[in-house]
Amino acid sequence: MKVSSTILFLALSGASAAATAADAERTPPAPSVFVKKAALDGMTEVEAGKVALAKSQDPAIRNFAERMVKDHGKANTELESLAAKKGLSAPKQLDLEHKEMLSALQSKSGKDFDQAYAEHMNMDHSKAIALFESAAGSSDPDLAQFAKKTLPTLKEHKELAQKLPAK
């Protein structure tokens with residue numbers, strides 16, 4: 001009997017922790033946190049796109065990369081301007097985590113590069129969509145509007161990324 005009550009306790013604890021984590025994901029990030037994360041992710045998309053344009057020979061990868069450079073470059077400029085109006089500072093360069101990811105990507109070539117780029121774009125856009133969906137409920141109406149306006153483009157990018165040749 002003791003074993004089954006211990007298992008039940010652990011199961012309930014795990015469910016409670018999962019529910020807390022899910023609530024935390026729905027809680028809009030603080031404006032400064034959103035600006036920092038969105039800016040770093042956006043800059044990374046642009047830089048990864050530039051790497052893809054330099055390294056990939058695959059037309060689908062190259063077309064997608066061009067779109068990332070254009071769309072995320074535009075969104076980054078808009079976010080930076082919005083942040084400045086709010087008295088928030090958007091990062092001007094990548095942090096170590098994002099630099100390391102780009103470095104790992106740059107170390108690959110050929111089909112290995114294309115596969116790694118496609119995987120990153122799928123994963124990165126899933127994270128971006130979650131961030132922007134959460135930020136759409138921000139207490140800051142301007143940042144919420146920016147997030148809502150940018151979401152359809154991010155979702156389109158995710159759909160396109162899923163079609164990239166990953167193998």
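Which residue forms a salt bridge with Glu133? Lys155 does, with the closest N and O atoms 3.4 Å apart. A salt bridge here is a side-chain nitrogen of Lys or Arg within 4 Å of a carboxyl oxygen of Asp or Glu. The pair links distant parts of the chain: Lys155 sits in helix α6 and Glu133 in helix α5, 22 residues apart. Lys155 counts as partly exposed at 38% relative accessibility. Glu133 is partly exposed too, with a relative accessible area of 41%. The cut-offs are these: buried means under 20% relative accessible area, exposed means over 50%, and partly exposed lies in between, with a 1.4 Å probe and protein chains only.

This is a predicted model, in which local features need pLDDT of at least 70, side-chain atom pairs count only at pLDDT 80 or more, and totals for chains, interfaces and linings use all residues. Residues are numbered from 1 along each chain as its sequence is written, and side-chain values use heavy atoms, with hydrogens and water left out.

Now the overall fold. The chain has 6 helices and 0 strands. Its pattern along the sequence is α-α-α-α-α-α. Helices (H or I, at least four residues) and strands (E, at least two) are DSSP runs, numbered from the N terminus. The chain holds 167 residues, and 38% of them count as buried. Its accessible surface comes to about 9700 Å². Carbon and sulfur atoms own 58% of that surface. The areas come from the Shrake-Rupley method with a 1.4 Å probe; for residues, only the protein chains shown count as cover. Take the contacts (heavy atoms within 4.5 Å). Among those between residues at least 6 apart in sequence, 77% join residues at least 24 apart.

Helix α6 deserves a walk along its length. It covers residues 141–162. Its 22 residues should span 32 Å at 1.5 Å a residue, and the end C-alpha atoms are 32 Å apart, which agrees. The expected span is 1.5 Å times one less than the number of residues. At Leu151 the helix α6 bends by about 35°. A proline, Pro152, follows within four residues. The bend is the angle between axes fitted to the seven residues ending at a position and the seven starting there.

What does α6 pack against? Its buried residues pack against α2 (31–55), α3 (59–85) and α5 (110–135). Among these buried residues are Leu143, Phe146, Leu151, Leu154 and His157.

The N-terminal end of α6 is capped by Asp140. A side-chain oxygen of Asp140 lies 2.9 Å from the backbone nitrogen of Asp142. Asp140 also forms a salt bridge with Lys86, the closest N and O atoms being 3.3 Å apart. That pair links distant parts of the chain: Lys86 is in the loop between α3 and α4 (96–106), Asp140 in the loop between α5 and α6, 54 residues apart. Asp140 is buried, with a relative accessible area of 12%. Lys86 is partly exposed, at 30%.

His125 lies in helix α5. It is buried, with a relative accessible area of 1%. Its side chain makes a polar contact with the side chain of His157, at 3.3 Å. A polar contact is a pair of N or O atoms within 3.5 Å; within protein, one must be able to donate a hydrogen and the other to accept it, and residues adjacent in sequence count only if both atoms are side-chain atoms. Not counting residues up to four places away in sequence, His125 touches Glu45, Phe64, Met68, His72, Leu154, His157 and Lys158.

Ala52 belongs to helix α2. It is buried, with a relative accessible area of 0%. Leaving out residues up to four places away in sequence, Ala52 touches Ile61, Arg62, Ala65, Phe113 and Tyr117.

A search of the whole structure finds 9 salt bridges. In one of them, the side chains of Lys149 and Glu78 meet at 2.3 Å, N to O. Lys149 lies in helix α6 and Glu78 in helix α3, so the pair ties together parts 71 residues apart in sequence. Lys149 is partly exposed, with a relative accessible area of 44%. Glu78 is partly exposed at 29%. A network of salt bridges links Arg67, Lys70, Asp71 and Glu156.
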